[in-house]
Amino acid sequence: MPLYEYYCPDCKNKFELLVSYKHADDVVCMKCHSEKVRRLLSVFAAQRGGAEDGGDDYSPSMGGCGCGGGSCGCH
């Protein structure tokens, strides 16, 4: 089951839930029970392989960095 991040504009609560894809949009706030929660865009990282499979020639300049300006240490 995927881990989703949510934000409730009513009480300003940000929380995470393990929810099946089918019910990802049927979530209520865990703090105030509002139904106005929004699913947030989550960022994830994927590790590439090492030198034995050619993974050592990868660089963020190839367009693979998802940190949006280098704040994550890609640059």
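Over how many bridges do β1 and β2 pair, and in which sense? They pair in the antiparallel sense, over 6 bridges. The legends below describe close-up views of a predicted model.

**Figure 1. The open sheet has 3 strands in the order β2-β1-β3.**
The pairing in this sheet is antiparallel. Strands of a sheet pair through backbone hydrogen bonds, and the pairing can be parallel or antiparallel. Strands β2 and β3 stand at the edges, and each has a single partner strand, so one side of each is left without a neighbour in the sheet. β1 spans residues 3-8, β2 spans residues 13-18, and β3 spans residues 38-39. Between β1 and β2, the 6 bridges are antiparallel. Within the sheet, L3 stands opposite L18, a residue of β2.

**Figure 2. E5 is a buried residue of strand β1.**
E5 is found in strand β1. Its relative accessible area is 18%, so E5 is buried, the limit for that class being under 20%. Which residues does E5 contact, leaving aside its neighbours within four places in sequence? They are K14, F15, E16, R38, R39, L40 and S42. One of them, K14, also forms a salt bridge with E5, as the next view shows.

**Figure 3. K14 and E5 form a salt bridge.**
Side chains of opposite charge can pair when their charged atoms come close. In the pair K14 and E5, the closest N and O atoms are 3.8 Å apart. This is within the cut-off of 4 Å for a salt bridge. The two partners fall into separate classes of accessibility: K14 counts as exposed because its relative accessibility is 55%, whereas E5 is buried at 18%. The count of salt bridges in the model comes to 2.

**Figure 4. D25 and R39 form a salt bridge.**
Here the closest N and O atoms are 3.2 Å apart. D25 is exposed because its relative accessible area is 60%. R39, at 35% relative accessibility, counts as partly exposed. R39 is also among the residues in contact with E5.

**Figure 5. Ring pairs link Y4, Y6 and F15 into a cluster.**
A pair of aromatic rings is described by the distance of the centres and the angle of the planes. How many aromatic pairs are counted? The count comes to 2. In the pair Y4 and Y6, the ring centres are 6.3 Å apart and the planes stand at 55 degrees, so this pair is tilted. In the pair Y6 and F15, the centres are 5.7 Å apart and the planes stand at 25 degrees, so this pair is stacked. Y4 counts as buried at 12% relative accessibility, and Y6 counts as buried at 1%. F15 is buried as well. F15 is also in contact with E5.

**Figure 6. K12 and H33 have positive phi values.**
Most residues other than glycine have a negative phi. K12, which is not a glycine, has a positive phi near 65 degrees. H33 is not a glycine either, and its phi is positive at about 65 degrees. Where are these residues found? K12 is in the loop between β1 and β2, and H33 is in the loop between β2 and β3. Is K12 buried or exposed? K12 is exposed, because its relative accessible area is 58%. H33 is exposed too, with a relative accessible area of 58%.

How many disulfides are counted? The count comes to 0. A disulfide needs the two sulfur atoms within 2.5 Å. For C32, the closest cysteine sulfur is in C8, at 3.7 Å, and this is also too far for a bond. C29 counts as buried because its relative accessibility is 1%. C32, at 34% relative accessibility, counts as partly exposed.

How values were computed: Residues numbered from 1 in each chain as written. Predicted model: local features only at pLDDT ≥ 70, side-chain atom pairs only at ≥ 80, totals over all residues. Heavy atoms only, no water. Salt bridge = Lys/Arg side-chain N within 4 Å of Asp/Glu carboxyl O. Buried < 20%, exposed > 50% of the residue type's maximum accessible area, 1.4 Å probe, protein only. Helix = DSSP H or I, 4+ residues; strand = E, 2+ residues; numbered from the N terminus. Phe/Tyr/Trp six-rings, centres within 6.5 Å; stacked < 30°, edge-to-face > 60°. Pairing = 2+ DSSP bridges. Contact = heavy atoms within 4.5 Å.
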